[in-house]
Amino acid sequence: MMKQQLQVLFSLSLLFILLSHCSRISAQGPAASPNAGPVADAPAPAPPGPTNVTKILEKSGNFNLLIRLMKTTQVDTQLYSQLNDSYSKLTILAPTDAAFSKLKPGSLNSLSESQKDQLLQFHFIPDFLTISNFQTLSNPVRTQAGDQFEFPLNITTTGNSVNITTGLVNTSISGTVYSDNQLAVYQIDSVLQPYGIFAPKPLPPSPAPAPEKAKNKKKASDDSPVAAAKSAAGSVRCDISRNGLFSIIIAVVFAAVLFL
Ligand SMILES: *[C@@H]1O[C@H](CO)[C@@H](O)[C@H](O)[C@H]1NC(C)=O
Ligand SMILES: *[C@@H]1O[C@H](CO)[C@@H](O)[C@H](O)[C@H]1NC(C)=O
Ligand SMILES: *[C@@H]1O[C@H](CO)[C@@H](O)[C@H](O)[C@H]1NC(C)=O
Ligand SMILES: *[C@@H]1O[C@H](CO)[C@@H](O)[C@H](O)[C@H]1NC(C)=O
Ligand SMILES: *[C@@H]1O[C@H](CO)[C@@H](O)[C@H](O)[C@H]1NC(C)=O
């Protein structure tokens with residue numbers, strides 16, 4: 001009786017360990033294009049190559065300091081390959097030369113290479129936004145600098161005016177530089193200074209768990225046990241970390257000792 005209960009308990013925990021390390025392959029597939037219509041099957045014309053952000057900014061003549069920073073950090077080539085993926089959408093808030101000259105002298109030079117990179121990524125929103133799309137954003141807005149605690153960006157709109165605040169800097173969009181269906185570039189007249197670089201805040205008491213992992217776990221536990229078991233037997237991607245493997249080995253050894 002006791003032994004049976006232990007066996008059931010052991011099987012359940014083994015199943016749990018496996019499920020918590022496995023995710024379905026189907027979740028890895030590319031997101032369907034929201035714009036894909038009935039004509040999506042028609043052969044597309046030969047792509048002219050990725051959009052060159054540097055070229056767009058050069059044409060305007062107003063963004064020499066931004067271009068220089070993008071080149072020294074190699075963010076220009078990063079954007080070039082990012083835009084080579086036609087599913088990837090991007091909105092750039094581009095500070096003018098006048099915006100850069102408003103910064104405290106030397107403040108850009110005092111930044112490390114990775115801070116310069118973060119500063120640029122903070123001006124990139126990984127989505128294609130028209131001016132009216134800005135109304136639909138919820139704050140804080142996700143940027144390519146990541147972490148919204150150290151890098152918060154809030155955007156509010158009134159009519160056609162789009163106000164942007166980082167908490168340290170208030171500015172608004174003062175012009176459209178470029179827009180197609182993948183990339184939008186807007187002019188702003190201040191550099192967006194994030195807390196994380198210009199006034200680091202103390203960390204919150206309990207940092208939230210990595211959102212990516214939490215999502216996968218949730219997905220697995222949302223499935224019915226039967227479906228989950230099927231998927232465990234069928235097409236699953238098992239991503240067993242060293243820790244996961246270690247706990248399975250411990251469980252097996254533990255079980256062997258119990259059953260002997
Ligand atoms: C983008 O355009 C700039 C300016 O025309 C040019 O110097 C650069 O080589 C281009 N980048 C790529 C990756 O083609
Ligand atoms: C763009 O993507 C294609 C297909 O993935 C690849 O063959 C090509 O080298 C890429 N071009 C650039 C400039 O990254
Ligand atoms: C946007 O900023 C302008 C001045 O910078 C201000 O008058 C206006 O009230 C702001 N709008 C919002 C929605 O914050
Ligand atoms: C940004 O918006 C969030 C959510 O509305 C708010 O909690 C936060 O105080 C805002 N930050 C700034 C700098 O306006
Ligand atoms: C930004 O705007 C908010 C609300 O209008 C104001 O409280 C704050 O002092 C401004 N911050 C700066 C740095 O101008």
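In this predicted model, the side chains of lysine 71 and glutamate 58 form a salt bridge, with an N to O distance of 3.9 Å. Lysine 71 belongs to helix H3 and glutamate 58 to helix H2 (residues 53-60), so the pair ties together parts that are 13 residues apart in sequence. Lysine 71 is partly exposed, at 44% relative accessibility. Glutamate 58 is likewise classed as partly exposed, with a relative accessible area of 46%.

The search of the whole structure gives two salt bridges. Lysine 116 and glutamate 113 form a salt bridge in which the closest N and O atoms are 3.6 Å apart. Both residues lie in helix H6, three residues apart, which is about one turn of the helix. Lysine 116 is buried, with a relative accessible area of 14%; the cut-off for this class is under 20%. As background, side chains of opposite charge can pair when their charged atoms come close.

| Lysine 71 and glutamate 58 | 3.9 Å | Helix H3 and helix H2 |

**Aromatic pairs**

The structure holds two aromatic pairs. One of them joins phenylalanine 134 and tyrosine 186 in an edge-to-face arrangement, with 5.6 Å centre to centre and 65° between the planes. This pair links distant parts of the chain, since phenylalanine 134 sits in the loop between strand S3 (124-125) and strand S4 (154-158), tyrosine 186 sits in strand S7 (residues 183-188), and the two are 52 residues apart. Phenylalanine 134 is buried, with a relative accessible area of 1%. Tyrosine 186 is also buried, its relative accessible area being 2%.

**Second largest cavity**

Two cavities of 30 Å³ or more are found in the whole structure. The second largest cavity holds about 50 Å³ of space. Its lining consists of Leu66, Leu69, Ile92, Leu93, Ala94, Pro95, Phe100, Leu119, Leu120, His123, Phe124 and Val191. By class, this lining has eleven nonpolar residues, one polar residue and no charged residues. Helix H3 (64-72), strand S2 (90-95) and helix H6 (113-121) each supply at least two residues of the lining. Strand S2 gives the most, with four residues.

**Threonine 51**

Threonine 51 is located in the loop between strand S1 (22-24) and helix H2. With 16% relative accessibility, threonine 51 counts as buried. Neighbours within four places in sequence aside, threonine 51 is in contact with Ile56, Tyr80, Leu83, Tyr178, Asp180, Gln182 and Leu183.

**Whole protein**

The protein contains ten helices and eight strands. Of its 260 residues, 30% count as buried. Among contacts in the protein with a separation of 6 or more, residues 24 or more positions apart account for 69%.

Conventions:
Residues numbered from 1 in each chain as written. Chains lettered and ligands numbered in written order. Predicted model: local features only at pLDDT ≥ 70, side-chain atom pairs only at ≥ 80, totals over all residues. Heavy atoms only, no water. 1 Å grid on protein atoms, 1.4 Å probe; cavity = no way out; pocket = protein on both sides within 12 Å on 5 of 7 lines; lining within 4 Å. Points joined across faces, edges and corners; volume = space filled by probe spheres on them. Nonpolar A, V, L, I, M, F, W, Y, C, P; charged D, E, K, R; others polar. Salt bridge = Lys/Arg side-chain N within 4 Å of Asp/Glu carboxyl O. Buried < 20%, exposed > 50% of the residue type's maximum accessible area, 1.4 Å probe, protein only. Phe/Tyr/Trp six-rings, centres within 6.5 Å; stacked < 30°, edge-to-face > 60°. Contact = heavy atoms within 4.5 Å.
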